[in-house]
Amino acid sequence: MPEWIECELAQILLMTDSISSPQVIVLREIEGAGRSFMVHIGLFEALAINRQIHGEAMPRPLTHDLLMTMMTALGGRLTRVAISDLVEDQDGNGTFYGFLVVERDGGEVVIDCRPSDAIAMATRAECPIFVAKEVIDKVTLT
């Protein structure tokens with residue numbers, strides 16, 4: 001079982017000049033050495049995260065808002081999100097893996113998802129973000 005480290009969304013870098021430009025979020029340890037690392041995400045996920053942290057309301061629900069509404073309507077509550085793994089290909093490019101933890105009917109349901117969607121959901125639920133220590137050890141900037 002992995003060791004988990006609580007992190008916070010420290011920064012979001014938007015490059016809106018092109019839909020294919022990489023967007024970056026920076027996650028940082030809340031306690032300990034304060035190590036941080038970057039995750040490249042898509043433009044639409046970056047915009048969803050940015051709108052939420054800046055309190056920008058949309059006239060109609062977007063995908064992450066819809067998911068939160070559905071989860072709540074079905075009796076669930078997002079309690080935490082996690083980045084659980086980093087898988088590198090032969091060229092050294094990595095793909096992060098993540099999941100949501102939803103509390104429902106006294107139990108927990110774990111739902112596989114992209115880390116960008118997990119972070120977007122965490123900003124809406126105001127729940128903690130955890131990262132496997134093994135992942136942080138692989139990718140930290142400082």
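Student: How many aromatic pairs does the count come to?
Tutor: This is a predicted model, in which local features need pLDDT of at least 70, side-chain atom pairs count only at pLDDT 80 or more, and totals for chains, interfaces and linings use all residues. Residues are numbered from 1 along each chain as its sequence is written, and side-chain values use heavy atoms, without hydrogens and water. Rings of Phe, Tyr and Trp (its six-membered ring) pair if their centres lie within 6.5 Å; planes under 30 degrees apart are stacked, over 60 edge-to-face and the rest tilted. By this rule the count is two.

Student: Are the rings of Trp4 and Phe99 stacked or edge-to-face?
Tutor: A pair of aromatic rings is described by the distance of the centres and the angle of the planes. For Trp4 and Phe99 the centres are 5.8 Å apart and the planes stand at 90°, so the pair is edge-to-face.

Student: Which strands does this pair of Trp4 and Phe99 link?
Tutor: Helices (H or I, at least four residues) and strands (E, at least two) are DSSP runs numbered from the N terminus. Trp4 and Phe99 are 95 residues apart, and the pair links distant parts of the chain: strands β1 (residues 4–13) and β5.

Student: Is Phe99 buried or exposed?
Tutor: Buried means under 20% relative accessible area and exposed over 50%, with partly exposed in between (1.4 Å probe, protein chains only). Trp4, at 31%, is partly exposed. Phe99 has a relative accessible area of 17%, so Phe99 is buried.

Student: With which residue does Asp137 form a salt bridge whose closest N and O atoms are 2.7 Å apart, tying together parts 102 residues apart in sequence?
Tutor: A salt bridge is a side-chain nitrogen of Lys or Arg within 4 Å of a carboxyl oxygen of Asp or Glu, and a search of the whole structure finds ten. Asp137 lies in helix α4 (residues 133–139), and its partner in the loop between β2 (23–29) and β3 (36–41). Asp137 is partly exposed at 39%. The partner, buried at 18%, is Arg35.

Student: What separates Lys133 and Asp137 in helix α4?
Tutor: The side chains of Lys133 and Asp137 also meet in a salt bridge, at 2.7 Å from N to O. Glu29, Arg35, Lys133 and Asp137 are linked in a network of such bridges. An α-helix has 3.6 residues a turn, so residues three or four places apart point the same way. Lys133 and Asp137 are four residues apart in α4, so their separation is about one helical turn.

Student: Where does Glu126 lie?
Tutor: Ten of the eleven residues of α3 are buried. Glu126 follows α3 and is exposed, with a relative accessible area of 74%. Its phi is near 55°, a positive value in a residue other than glycine. The place of Glu126 is the loop between α3 and β7 (129–132).

Student: How many residues of the lining of the largest pocket are nonpolar?
Tutor: A pocket is an open set of points on a 1 Å grid over the protein atoms alone where a 1.4 Å probe fits, with protein on both sides within 12 Å along at least five of seven lines; lining residues have an atom within 4 Å of a point. The largest pocket is lined by 15 residues, and Leu67, Met71, Leu100, Val102 and Ile111 lie nearest its centre. Ala, Val, Leu, Ile, Met, Phe, Trp, Tyr, Cys and Pro count as nonpolar, Asp, Glu, Lys and Arg as charged, and the others, Gly among them, as polar. Two lining residues are polar and three charged, and the number of nonpolar ones is ten.
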